[in-house]
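Good morning, and thank you for the time.

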Amino acid sequence: MNIMCAILGSLGNVALVLLVAPFFQGVLRKVTALIQSRKGPPLWQPYFDLLKLLGKEDLESGQTPVMQRFAAYLSLATVLTLAGFVPMGFPAPLDGAGDVILVIYLLTLSGICTLLAGLAAGSTYSLVGISREMMTMIALEPLFAVAIVAGAVHTGTFRLDTVLNGSVYASGGFPWSGVVLLAVMLLSFQAFVQRVPFDIAEAETELMEGPLIEYSGPKLALFKYAQMAKLVIYSALFVGLFAPWGSALPFPLGWLCFWAKVFGLVLLVTLVAATHARYRIDQALRYFAGLLALALGALVLASCGY
Amino acid sequence: MNARDRLNQLKAKLGPAILRADLPGETRLFVFVEPSALKAICQHIFRDLDARYVISIGLDDRPFSGKFLVAHDFAFDRDHVLCSVLAYLPADNLKVDSICDVVPGANWAEREIRDLVGIEPQGHPYLKRLVLPDGWPDGVHPLRKDVPWNQVPEGFDEEGEFKFDDPPEGCTVVPFGPFHPTLDEPAHFRLYVEGEMVRGCEYRGFMVHRGIEKLAESVLTYDDIPMMAERICGICGCVHNVTFAQAVETAVALRAPPRAEYIRTIMLEIERLHSHLLWVGLACHIVGFDTLFMQSWRIREPIMWMAEKISGNRKTYALCVIGGVRWDITPEVKAELRQVLDKLEAEWRAVVAAVSKDKNIQKRTRGVGVADKTLVKNVGLIGPVARAAGTDIDCRRDHPYAAYDRVEFDVITEAGCDVWSRVVVRMKEVFESIRIIRQCLEKMEEGPLQTPIEDELPAGRIGVSSVEAPRGESHHFVITGENNRPHRWRVRAPTYQNLQAVPMMIKDQQLADMTISLGSIDPCFSCTDRLETIDLKSGVRRVWSQEDLIKMVRGR
């Protein structure tokens, strides 16, 4: 019965993510357009875009087409697996199947898909793109890990339901480490969801989409879908770790409260993306290094009980 | 100092080498010299007298003098003098000393002369083909008078390939173009990259050279050419249109009526407005700041509508004929233009205020794509690139034309030498353009639009004209000819000089800065001619030539 619940629940989460991710993308595009004095596409345009791409001829291109196909499948699969481990208005359905360490691994895996995609294309541009992606990953992944570990230190467990429930504030007294980590995550969130100013690896005007350079049709649709889903899942993770308030309310309220917060985060991402120019990789790395130092400081605070 | 003083200076130093000199007015100087002394004189003018190098011209003058002609154009910007140094070469010995080692900016111009006219620059450091297609046979020079404009020479190899130089050791090659999202026209930069650093590059352009000069010399007439000239560029076309008309007018001592001069000024400034607004938008797009890209294009749009109201077209205004203009500015248009300018000024002020405070854009543009004063001097850089390096030059003030001597404006300079300074210069120039148009609308007098031309234009006269295009000086050199068309017309668009500095500007910079550095000169290349298809089932490749494509499109 429990297993059935978990399976059905995670399928529910997956379906939900697949359903709302393009909608959030639509919101992002519409709001961006409004900021830019444009009309913008209708909110449901991303659904049509995906359908159109999925219906196109599946071309084999690039250096290793097999790896390219695999990377596209893996990319979406990873993100959807993650959906099962993230609470979305309800407790995480796959709560018992893994802990936060698994979540960290899955996050890394989705980055690795981009690497595989770039390698498979074998173009100079995609190689430059993945070298940038690598550098970003190395600097960025520890940030999320530190936030999760800090939460785990406070609560003394790696369990999903405990950690992804505002655990960063669970210290005795004023949650210093939690506040610092909240700031760090807010400042780096744009990079996690790969939007301007941190879309460095794809940088259309420099690298012509970098790792995705050889992608078209259905495979591109999968990658795009994964990217849209990532925005939702990272937002959900953020809400779980840093803003769990209200999620415990009875069903429609808690659920609505959760999605309202996710929506708010998407709006924030849109605003930042629309008002910034892209950073250069060295500038971005310096920025991440500063944040990482802060985050490590917060971890020390956390282990001291603050 | 006027042109005569400059001539006396030259005579004092290099008297015997000067064969004759023409002084049509105070602002033009044509010096005919011995070919053997050409380099020494150019060195004197460029280094000792500190003139600015403009362009070099080659010409097959056999129908007139039985000889070939080489000319190097210089500008004494402070003295308002444009100067040509010309030398006749005997047809059986087409060699001339290269001036490239004293005037590095002559590199392309001399290679072009070699390609198109067949005059060998002796001692040129890098004699690689520049303009002609890769499969073009050696020894056929299209600008010679015995080559028809539509000739495809024997031995032309459609499949001919360009031979690139070897990359330096330890560098990988990143091909940039011919097609790239930030290149609006085809041009190829072969970047040598070490990690993320650009260590050098090789440029191959001229992929869509259209032979407009040849057409003008052999098919078109004086009044057709301005319309052809404005098709040289999709953004600053009116500039070429005006420059050509002015070059011919100075050659035959003709002057457009005052009202026509005001209208030319207004249209040129309208063009600068829309070009600068377009560029600021593009630059923002290149660094990923699309909001400002959209906003500056929105602000630009009413200017396009005004251009359409005046000329019937958003671009390609078909403004000039020799001796005047074709469109009048009516009182209604005048009133509307004033309103549009007021709104534009207010909106642009808001944008400038926002950009000036934006740390993020400055981070991406400060210290990037540096072109300092030395590079500006050596390569003959012009326009916002020169002014952003503190070099105070502007043809509107230095070589006044149209009605620019009757309006007040400031020449904007900055000292940063980098992309950011170029952004600032262009943003501020928008306000100066608005100021100029307002003054013109105020001062414009009633009167005719064209000066009637009673007789045929005399042949064999030389005329030069420089116009400050949005990207820098656009320079036209015309020798009048018979049959109602020029004998030689040489166009030097501003990008011709500015592009030559790009390899120096991007050297030892991050790959990410390449696009904005190139973008910062606001490059204008010029559409394409072949395509390859592969049949996936059989693996058969087929290259579709220009001819095949034309047949497919036009044939039955």
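In chain B, helix 7 (residues 237–251) lies across strand 13, strand 14 and strand 15, and runs at about 150 degrees to strand 13 of chain B. Please bear in mind that this is a predicted model, in which local features need pLDDT of at least 70, side-chain atom pairs count only at pLDDT 80 or more, and totals for chains, interfaces and linings use all residues. Residues are numbered from 1 along each chain as its sequence is written, while chains are lettered from A and ligands numbered from 1 in the order in which they are written.

A word on terms. Helices (H or I, at least four residues) and strands (E, at least two) are DSSP runs, numbered from the N terminus. Axes are lines fitted to C-alpha atoms, for helices over the stretch in contact, with angles from 0 to 180 degrees between N-to-C directions. Contact requires C-beta atoms, placed from the backbone, to lie within 7 Å.

The three strands form an open antiparallel sheet in the order 13-14-15 of chain B; strands pair if DSSP finds at least two bridges between them. Its edges are strand 13 (462–469) and strand 15 (486–492) of chain B, each pairing on one side only. On average, neighbouring strands of this sheet are turned by 15 degrees against each other, direction ignored. Strand 14 (residues 472–480) of chain B is joined to strand 15 of chain B by six bridges, and B:Ile479 stands opposite B:Arg488 in strand 15.

Elsewhere in chain B, seven bridges join strand 9 (residues 188–194) to strand 10 (residues 197–204), again antiparallel. These two strands of chain B form a hairpin with two residues between them, and B:Gly195 in the turn has a positive phi of about 65 degrees. Strand 10 of chain B also pairs with strand 16 (residues 509–510) of chain B, in the antiparallel sense, over two bridges; there B:Val198 stands opposite B:Gln509.

Let me turn to a single loop residue. B:Ala318 is found between helix 9 (290–311) and strand 11 (320–321) of chain B. Leaving aside residues up to four places away in sequence, B:Ala318 touches B:Met227, B:Ser311 and B:Arg326.

Finally, the contact between the chains takes 22 residues from chain A and 27 residues from chain B.

Key. Contact = placed C-beta atoms within 7 Å.
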